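The topics are taken in turn below the structure.

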Amino acid sequence: MTGAHLRGRYPIAVAIALLGLCPNTVVSTSFLPLESRLQQDLGAGRVAVGVVLGLSSAGYAVGAVLAAQRVLRHTARRVFLGGELLFVVASAASALAPDLPVFALGRVLAGLAAGAMLISALPPLVTRFGAARVALSAAIVNVGLFGVSALGPLIGGLVTGGDGWRWLLGATALLGLIGLAVAHDGYEPFDPPEPERPVDVTALLLVVVATVATFLAASLVAGSSVRAPEVWLPFVIGMIALAALLAVEVRRHDALIPVSALTTQLPVTGLIVAMVGGACFVATAELLQTQLMTGRSAAQAALLFWPAPVGAALASVAFWRLFATRWVPVLVDVGLVALAGGVVLLLTDSSTPAAVLPAVLLLGIGAGATVSPGLFLIGLGMPSQQLGRAFALVQLLRSMATYAVAPIVVAVAPGHDGFLAMAVVAAAGLIAALAVPALSGARLRAPDIEAWLAGDKALPSPPTGTHVRPGVDATAEDDAEPLLPERLRRH
């Protein structure tokens with residue numbers, strides 16, 4: 001069965017999404033043990049390599065927003081095929097790079113392409129195959145979007161010898177080529193929703209400035225200090241650009257990024273969970289890798305990370321089974337508890353396998369139970385037609401938290417202090433994830449998937465903090481079970 005006969009089939013859509021997302025997601029957390037070899041082979045310093053990897057993560061965030069604009073005006077199939085082709089060429093260029101400029105160009109373009117594939121592959125997989133498959137699609141998205149990042153430390157440590165990093169990037173190019181072939185025959189073309197929509201140039205420019213400046217600042221910390229002008233100045237510029245982006249988009253009635261719809265309880269809770277979950281996992285993993293590679297080879301350290309993908313897989317299965325129930329908000333809280341528990345274990349002992357292995361398992365569970373489930377809390381609290389555009393902003397913010405925080409923590413607070421900082425972040429995230437729904441009158445309820453696919457919200461999302469905002473009424477119904485007992489919500 002080939003060609004047009006493959007189009008519109010669910011297994012093909014799954015393959016397209018996983019082949020489009022997994023390679024770059026794995027690579028994004030693989031590079032720490034490879035950095036010294038990269039410096040040697042490319043004739044570059046530590047800071048220069050760090051800047052390239054940071055800008056690659058910035059490219060991912062920018063690519064998601066660019067694709068959110070493009071899929072409104074062009075067919076998503078065209079956007080995906082273009083992104084996959086660019087990813088193949090860019091990954092191959094990085095694998096064969098003779099020097100840092102070629103490697104940098106390849107990695108930045110690969111990140112840009114991966115962001116474009118995210119927006120053009122995931123919303124169709126989730127929304128175009130009926131209510132019965134949404135839960136399974138959400139679990140698959142959990143794997144492709146962030147779950148396989150738990151494989152990164154393991155794979156990166158195992159390919160440190162010789163030209164291992166070139167073979168790793170070559171493998172991503174090969175997987176991209178397979179994905180391109182599958183998508184060429186199997187991606188169903190459907191009409192763009194708003195082909196006459198004008199390009200939001202202001203939003204796109206602000207996104208580029210915000211991401212590039214922020215990731216540049218985070219990458220430069222390793223060779224300087226947070227007080228150095230080359231660090232704090234781009235960081236301030238990035239934050240100003242991000243604030244301007246939110247201010248501009250919230251005032252536009254036809255905004256590219258639906259900021260107004262993201263300010264109610266479910267999106268706010270989901271965003272907190274996704275940002276905290278991603279930042280805690282990646283930063284803690286890098287701190288632990290750095291510590292384990294002192295006195296061990298990179299491969300020996302990597303083998304201690306095998307429980308992480310197991311934990312992420314367990315969390316994905318739980319997410320699948322719970323998606324159509326009222327318990328997903330509880331799942332993300334459990335994920336934050338798992339992250340905090342894993343970090344606390346590492347605070348007590350981060351050198352012996354007896355402590356590291358269960359801690360890494362908890363970190364994997366936490367990663368799988370927070371990032372993608374948090375994103376879906378956002379999606380279920382707004383109409384499904386806005387899913388791609390909402391994901392674009394959320395991925396921008398989540399990428400900043402995930403891949404910009406880690407270099408800063410590793411550089412500024414290595415070892416015990418870094419673990420302590422991540423434990424505090426996880427605990428604060430858990431408190432916020434409990435407090436925001438409680439203070440907003442949110443209640444546990446099963447999502448209405450049919451209504452969501454038809455264009456409504458799957459879950460009511462009351463105004464954020466309605467209990468502490470006089471004159472604002474919650475939209476939650478009174479016959480559902482509160483997220484916290486009434487006596488706790490009053491306080």
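This is a predicted model: local features need pLDDT of at least 70, side-chain atom pairs count only at pLDDT 80 or more; totals for chains, interfaces and linings use all residues.

Helix 14 passes helix 15 in a left-handed crossing.

**Helix 14 and helix 15**

- Two packed helices are described by the angle between their axes and the distance between the axes.
- For helix 14 (residues 328-348) and helix 15 (residues 353-380), the axes come within 7 Å and cross at roughly 150°.
- Angles over 145 degrees count as roughly antiparallel, and helix 14 and helix 15 are therefore roughly antiparallel to each other.
- The contact of helix 14 with helix 15 has 21 nonpolar and six polar residues, and no charged residues.

**Largest pocket**

- The largest pocket holds about 720 Å³ of space.
- Its lining is made up of 33 residues, and those closest to the centre of the pocket are Leu 32, Glu 35, Leu 53, Glu 286 and Pro 407.
- At least two lining residues come from each of helix 1 (10-28), helix 2 (35-42), helix 3 (46-73), helix 5 (100-127), helix 11 (265-292) and helix 16 (387-412).
- Helix 3 gives the most to this lining, with eight residues.
- Sorted by class, the lining of the largest pocket has 15 nonpolar, 13 polar and five charged residues.

**Second largest pocket**

- The volume of the second largest pocket is about 500 Å³.
- There are 23 residues in the lining of the second largest pocket, and Pro 123, Thr 127, Phe 190, Pro 193 and Gln 385 lie nearest its centre.
- Helix 3, helix 5 and helix 16 are the elements that give two or more residues to the lining of this second pocket.
- The most comes from helix 5, which gives five residues to the lining of the second largest pocket.
- By class, the second largest pocket is lined by 12 nonpolar, seven polar and four charged residues.

**Leu 287**

- Leu 287 has its place in helix 11, one of the helices that supply at least two residues to the lining of the largest pocket.
- Buried means under 20% relative accessible area, so Leu 287, at 3% relative accessibility, counts as buried.
- Leu 287 and Ala 244 are 43 residues apart along the chain, and their C-alpha atoms are separated by 33 Å.

Key:
Residues are numbered from 1 along each chain as its sequence is written. Side-chain values use heavy atoms; hydrogens and water are left out. Axes are lines fitted to C-alpha atoms, for helices over the stretch in contact, and angles run from 0 to 180 degrees between N-to-C directions. Helices (H or I, at least four residues) and strands (E, at least two) are DSSP runs, numbered from the N terminus. Angles under 35 degrees count as roughly parallel, over 145 as roughly antiparallel, 65 to 115 as roughly perpendicular and the rest as oblique. A crossing is left-handed if the near helix is turned anticlockwise from the far one by less than a right angle, and right-handed if clockwise. Ala, Val, Leu, Ile, Met, Phe, Trp, Tyr, Cys and Pro count as nonpolar, Asp, Glu, Lys and Arg as charged, and the others, Gly among them, as polar. On a 1 Å grid over the protein atoms alone, a cavity is a set of points where a 1.4 Å probe fits but cannot get out, and a pocket is an open set with protein on both sides within 12 Å along at least five of seven lines; lining residues have an atom within 4 Å of a point. Grid points are joined across faces, edges and corners, and a volume is the space filled by probe spheres set on the points. Buried means under 20% relative accessible area, exposed over 50%, partly exposed in between (1.4 Å probe, protein chains only).
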